[in-house]
Amino acid sequence: MDRPDYQDIINEYKEQVRTLKAQISELEDACKSKDAALKRSLQKLEYTAQDLDKANDEINAKKQSE
């Protein structure tokens, strides 16, 4: 192999590295989006659980007052 062959291989590896970096960036963005969506869903679940507990307390209070 002479010098140009090595240069072709180096350029190919550089292109692969650029491609992989772009893919990593896309995956990180997708992960951040999923984390944000998961956080919103968890917050909704917590609020729903609080509402359920409050409703159960009200039902129990009405049953006891009867």
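Start with the charges. The protein chain of this predicted model carries 12 positive and 15 negative side chains. The centres of these two sets lie 4 Å apart.

Now switch to cartoon. The protein chain has 1 helix and 0 strands. Its radius of gyration is 28 Å, well over the 11 Å that the globule rule gives for 66 residues, so the chain is more spread out than a compact globule. Orient the view along the principal axes: the C-alpha atoms fill a box of roughly 95 × 15 × 5 Å.

How much of the protein chain counts as buried? Of the 66 residues, 0% do.

Next, select Tyr6, Ile9, Ile10 and Tyr13. Together they form a nonpolar surface patch with about 380 Å² of accessible area. Centre on Ile10. This residue sits in helix 1, which covers residues 3-65. Ile10 has a relative accessible area of 37%.

Side chains of opposite charge can pair when their charged atoms come close. Here the side chains of Glu15 and Arg18 meet in a salt bridge, 3.1 Å from N to O. The two residues are 3 apart in helix 1, so about one helical turn separates them. Glu15 is partly exposed, at 41% relative accessibility. The salt-bridge count comes to 1.

Note on methods. Residues numbered from 1 in each chain as written. Predicted model: local features only at pLDDT ≥ 70, side-chain atom pairs only at ≥ 80, totals over all residues. Heavy atoms only, no water. Patch = residues over 30% accessible without salt bridge, like charges linked within 9 Å, V, L, I, M, F, W, Y side chains within 5 Å. Areas by Shrake-Rupley, 256 points an atom, 1.4 Å probe, with all protein chains shown as cover. Salt bridge = Lys/Arg side-chain N within 4 Å of Asp/Glu carboxyl O. Helix = DSSP H or I, 4+ residues; strand = E, 2+ residues; numbered from the N terminus. Buried < 20%, exposed > 50% of the residue type's maximum accessible area, 1.4 Å probe, protein only. Rg over C-alpha atoms; globule rule 2.2 N^0.38 Å. Lys, Arg positive; Asp, Glu negative; His and termini not counted. Charge placed at Lys NZ, Arg CZ, Asp CG, Glu CD.
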